[in-house]
Amino acid sequence: MEQSKSDFILEVKDLKKYFPIKGGMLNRVVGQVKAVDGVTFNLKRGTTMGLVGESGCGKTTTGRTILRLTGEKTGGQVLFEGKEVYDLSSKEMRRMRTKMQIIFQDPFSSLSPRLPVGEIIGEAVREHGLVSKAEYEDYVDKVMDECGLQPFHKTRYPHEFSGGQRQRICIARALALNPDFVVCDEPVSALDVSIQAQIINLLRQLQEQRGLSYLFISHDLSVVEHISDSVGVMYLGNLVEYGDKKDIFARPLHPYTQALFSAIPVPDPTAAKNRIVLEGSIPSPANPPSGCKFHTRCRYCTARCKEEVPVQKEVEPGHYVVCHRF
């Protein structure tokens with residue numbers, strides 16, 4: 001069934017973000033790192049999209065470019081609730097900031113060591129004037145309580161907390177602005193497994209209570225399978241496969257997705273393991289191969305793959321793949 005535009009909180013179309021490489025005596029631009037090179041997807045309101053791929057494939061840069069945290073984009077469109085994010089004025093963007101938030105990967109380095117927790121969570125609330133002075137303390141207490149933090153934590157500093165508690169502080173800071181959309185940039189990768197489960201369950205609970213939409217960036221496929229409604233697979237700045245979680249995990253179509261999923265550990269020592277090992281090394285995003293970027297490591301590579309860039313095709317309803325085989 002065709003979705004209407006209002007169903008989507010976020011629409012990303014052919015998004016590109018290149019970083020200049022400078023060199024020589026005059027420090028001129030001699031090349032470009034194509035960190036994000038034509039990413040297209042839609043995020044339905046109130047759902048979670050998992051974004052997976054190897055380290056360095058451009059997942060985090062995609063999230064930050066959507067939020068307009070990396071300067072100007074190189075190309076493409078980012079439509080948030082139907083509005084182009086990069087066309088907004090400074091004043092309009094300031095208002096939009098309350099609707100779009102991010103939870104960073106490392107909770108320790110993303111929290112100021114000089115501020116107590118109450119100030120970290122409430123600073124942006126005061127700056128944007130979300131509540132009156134009389135309601136401020138109660139509002140911060142309420143947000144902390146939702147995220148599993150106690151009122152007496154307000155006067156403590158980040159170094160006095162464990163990793164899991166620090167990530168709860170980061171979540172509370174993001175949710176204090178009452179956003180509609182949150183980029184979760186590997187929010188559990190720095191935590192041990194038991195704490196990971198607590199944080200993921202907290203994120204799901206908050207999503208149900210507040211109707212949040214998440215872009216969940218991770219390299220842990222089991223976590224993505226647990227929390228996501230749809231999944232996008234990135235390789236060297238491109239989204240090579242995208243679709244509903246059930247379709248992607250049941251029928252991975254792109255050779256890279258198949259190799260990635262074959263590496264998921266199976267908790268059964270007697271189960272047969274059909275591991276697909278990729279040959280060769282990852283090409284540089286500063287000098288990507290011609291044609292399909294994956295052709296240097298693909299077992300199905302043909303002459304066409306080396307010359308012609310594949311386009312995104314809808315193989316089955318809602319399941320898109322970027323490969324010449326389809």
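What follows is a chat about the overall fold, a cavity, some helices and a few single residues.

Q: Great, what kind of model is this, and how are residues numbered?
A: This is a predicted model, in which local features need pLDDT of at least 70 and side-chain atom pairs count only at pLDDT 80 or more, while totals for chains, interfaces and linings use all residues. Residues are numbered from 1 along each chain as its sequence is written, and side-chain values use heavy atoms, with hydrogens and water left out.

Q: How many helices and strands are there in the protein chain?
A: The protein chain has ten helices and twelve strands. Both are DSSP runs numbered from the N terminus: helices are H or I with at least four residues, strands are E with at least two.

Q: And what is the radius of gyration of the protein chain?
A: The value is 21 Å, which agrees with the radius near 20 Å that a compact globule of 326 residues would have. The radius is taken over C-alpha atoms, and the globule rule is 2.2 Å times the number of residues to the power 0.38. Along its principal axes, the C-alpha trace spans about 70 × 60 × 50 Å.

Q: What share of the residues is buried?
A: Buried residues make up 47% of the 326 in the protein chain. Buried means under 20% relative accessible area, exposed means over 50%, and partly exposed is in between (1.4 Å probe, protein chains only). The accessible surface of the chain comes to about 16300 Å², with 50% of that belonging to carbon and sulfur atoms. Those areas come from the Shrake-Rupley method with a 1.4 Å probe, and for residues only the protein chains shown count as cover.

Q: Switching topic: how many cavities of 30 Å³ or more does the search find?
A: The search of the whole structure finds one. The largest cavity has a volume of about 70 Å³. On a 1 Å grid over the protein atoms alone, a cavity is a set of points where a 1.4 Å probe fits but cannot get out, and lining residues have an atom within 4 Å of a point. Grid points are joined across faces, edges and corners, and the volume is the space filled by probe spheres set on the points.

Q: Which residues line the largest cavity?
A: The lining is made of His254, Cys292, Phe294, His295, Cys298, Tyr300, Cys301, Cys305, Cys323, His324 and Arg325. By type, the lining divides into seven nonpolar, three polar and one charged. Ala, Val, Leu, Ile, Met, Phe, Trp, Tyr, Cys and Pro count as nonpolar, Asp, Glu, Lys and Arg as charged, and the others, Gly among them, as polar.

Q: OK, on to helix 9: how many of its residues are buried?
A: Eight of its eight residues, 255-262, are buried. Pro255, Thr257 and Phe261 are among them.

Q: What covers the buried residues of helix 9?
A: The cover includes strand 3 (48-52), helix 7 (221-227), strand 9 (230-235), strand 10 (238-244) and helix 8 (245-250).

Q: And helix 3, what does its buried side pack against?
A: Its buried residues pack against helix 4 (133-146) and helix 5 (163-175). Those buried residues include Val117, Ile121 and Val125. Just after helix 3, Gly129 takes a positive phi of about 60 degrees.

Q: Where is His128, and what does it touch?
A: His128 is found in helix 3 (residues 117-128) and is partly exposed, with a relative accessible area of 26%. Leaving aside neighbours within four places in sequence, His128 is in contact with Arg94, Arg97, Thr98 and Leu177.

Q: Where does Tyr320 sit?
A: Tyr320 is in strand 12 (residues 319-322), and its relative accessible area of 25% makes it partly exposed. Not counting residues up to four places away in sequence, Tyr320 touches Val240, Glu241, Tyr242, Gln312, Lys313 and Glu314.

Q: Last one: where is Asn27, and what is its phi?
A: Asn27 lies in the loop between strand 1 (8-23) and strand 2 (28-44). Its phi is near 55 degrees, a positive value in a residue other than glycine. Asn27 counts as partly exposed at 48% relative accessibility.

Note on methods. 1 Å grid on protein atoms, 1.4 Å probe; cavity = no way out; pocket = protein on both sides within 12 Å on 5 of 7 lines; lining within 4 Å. Contact = heavy atoms within 4.5 Å.
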